[in-house]
Amino acid sequence: MAVNSELARLLEHPAIWRGTSVARAEVLPSGFAALDERLPGGGWPRSGLIEILVSRLGVGELTLLLPLLAALTSGPQARSCVWVAPPFEPFAPALAAHGVALERVLVVRVPAAQKRLRGGALWAFEQALGSGACDLVMAWAKRPRGKEVRRLQLSAERGRTLGVLFRPSQAAGESSHAALRMTVEPSAYGVRVNLLKSKGGVRGCVEINLLPAGN
Amino acid sequence: MRPRILRKSNARVVSLPTARTSLRSVDTQWEPAESPQLWVGTHILSLKGAATLEKLATRAQRFTPRVSLVAPDGLLLEVKGSLHLFEGVDGLLRAFSQDCEAVGIESTVALAPTPLAAMVAARVGRPFVVTNKAQLVGRLTALPLGPLRWPDDVVARLARMGVRTIGQALRLPRAGFARRFGPAHLRELDRLTGRSADLRHHFQPRERFRRRRELTYEMEDKATILAAFAPLLADLGKFLELRQCGITELECRLRHRHASPSMCVLRLAAPVADVARITELLGERLNALVLPEPVRSCELRSGLPVLRVLSCDSLWQPGEYGSSSGPESPQLVERLRARLGHEAVYGLQMLPGHRPERAWAMCEPVTATRPVDSRRAGASGPTVSGSAGARGVGGRGGPNTVAPGARSLELVPPWAAFRQPLWLLPAPQQLEEIEGVPRRRGTLRFFGDVERIETGWWDGGEIGRDYYTVFDIYGVQLWIFRERADPHRWFLHGVFG
């Protein structure tokens, strides 16, 4: 009996992984109950790399992350939230209306001259992930290679940062080192999230209603 | 410069004027009152800005290290110890007036044993050279009271008493003078005659670090060039350490055989004195630099040193146990800016107003960790949305009163947030239309209400638009508007994301 409790205590150690269960990791509720059920640990991880694959920009992938953004930026000890090479301008009043603290938001644009050099945005993404100065780093990158994704995942773990990489859904077939991969498609009232890869979580589709109650 | 020897009681204090290490904020005003002094007062008649006065002060340091500025148009030099170097009073005054001419300053000069007397006499403008303290009061008596620059009412009251010169003022009973005109003015008279000490702040030139290194052979490899900078950077580190300063700007110049010098400027978010960090940032900059030719010499020029405020580091790593970001955030911003350019990294800021383009602005990123007001969560932006049917927001009239710093705490229904897109296009993009119906890669499905934004008449940026929410055939929610005025074109302005 004593041995069993000792063993159970040992198995609680975050560095120990077991095939069927999830390693205990700090998570943040996603703000959507249906999604929380499916995500490993019951929410978005605090650190690591997430890949979100979208058929088109703006199908609702950012709305999906808004509760996370608001929660991460509004804490008293919050670190920065960096947007690397966003496709358009983040609209500050709308973000503020959703409770995102704008002082924490940092936008990084990659100048055209740097875009030609490979990895301008990815370099900035990796720097932000590994710096330890950010809680969340979101990047919009065209075609990162498998090796680069691996580096990003390691940087995110080192900096205890959550990295979100938005990619086109054509990349769904490629292998990736990201801890969590999902496609986001529009559906009747919100989005359909398909978890492609989820370390220790459940794969499959989940419908999320993005429209607020009463609308 | 020779060592200055000050006598005080029996102790001999030797101070070397070469060590200009102290900063402006450090007071170097201690002067033994009994040591004989001789001051050159300079009243500047035509002054071209403060920079010129500082230029003269810097030049005047060749006469003496004890130069002090008398704002806004005066300069004082203590020259007792330097007289023999310039062949006496005449030689020194001649050399000094030549310097004034060289800087482009027209001035009057006077010499007196006390700084205030020298200054007052210079303001009077008549030749005034007194080297003996015993003669000072006698020579001062004839001077008018005006150049003392006392308040007008004091001068007027003295004039009503028949007191128009310094001599007459000195003859008044001290107790009565202090009672009537305040002890401050009596003390000023004492300083004028040398009865009490007059302590002056010494002028400290604003130093910058500037050093150049000729390379033994021409270099092309960036890593080698960076290595060639190492001794210069080490010197910079020592320079900053001595002054307890950091720099926020560093210019690095690389000279070539034929082409004009290549330059890169490093701008830092917070004062930095850490050479390793500067080297890292400089390396990033050098990598981005395109060199037309091999480099023959390299040079470093710093901006003005800024006094560094040292802070304690946190015990925990950032992000650990809710630890704050600490100093890492400015480092990240600097590293990103070093490679991507200064404008590439910015923060967001809300502006008052309803025009979507002008409701936000880029701003300098907030790098210091500040506690965020938790009440702010869920607070609304300044934009107000119509709930049912078209509603003229512009009808509210006048600019919104929400200041960007103090954002509105006014709560709006939560759905109001869903009326605004998360993405805004940099500029509205015109949509194709068929018979007045907008299209974008297929038909658009209208959803929800229309919102009218008609405002901005007061500053020339007037807009009149009806905003609609639509879905395109791919299920992307878009924010489009139709011009109120002819030709009623349709534009795409935002993506809900």
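Leu10(A) counts as exposed because its relative accessibility is 51%; exposed means over 50% relative accessible area, buried under 20%, and partly exposed in between (1.4 Å probe, protein chains only). Leu10(A) sits in helix α1 (residues 2-11) of chain A. Helices (H or I, at least four residues) and strands (E, at least two) are DSSP runs, numbered from the N terminus.

This is a predicted model: local features need pLDDT of at least 70, side-chain atom pairs count only at pLDDT 80 or more, and totals for chains, interfaces and linings use all residues. Residues are numbered from 1 along each chain as its sequence is written, chains are lettered from A and ligands numbered from 1 in the order in which they are written, and side-chain values use heavy atoms, without hydrogens and water.

**Chain A surface**
- Accessible areas come from the Shrake-Rupley method with a 1.4 Å probe; for residues, only the protein chains shown count as cover.

**Chain B overall**
- Chain B contains 11 helices and 20 strands.
- Of its 497 residues, 45% count as buried.
- Chain B exposes about 25,500 Å², and carbon and sulfur atoms supply 52% of that area.

**Helix α3 of chain B**
- Helix α3 (residues 115-124) of chain B is largely enclosed by the rest of the structure, because nine of its 10 residues are buried.
- Among the buried residues of α3(B) are Pro115(B), Met119(B) and Arg123(B).
- Gly125(B) follows α3(B) and has a positive phi, near 95 degrees.
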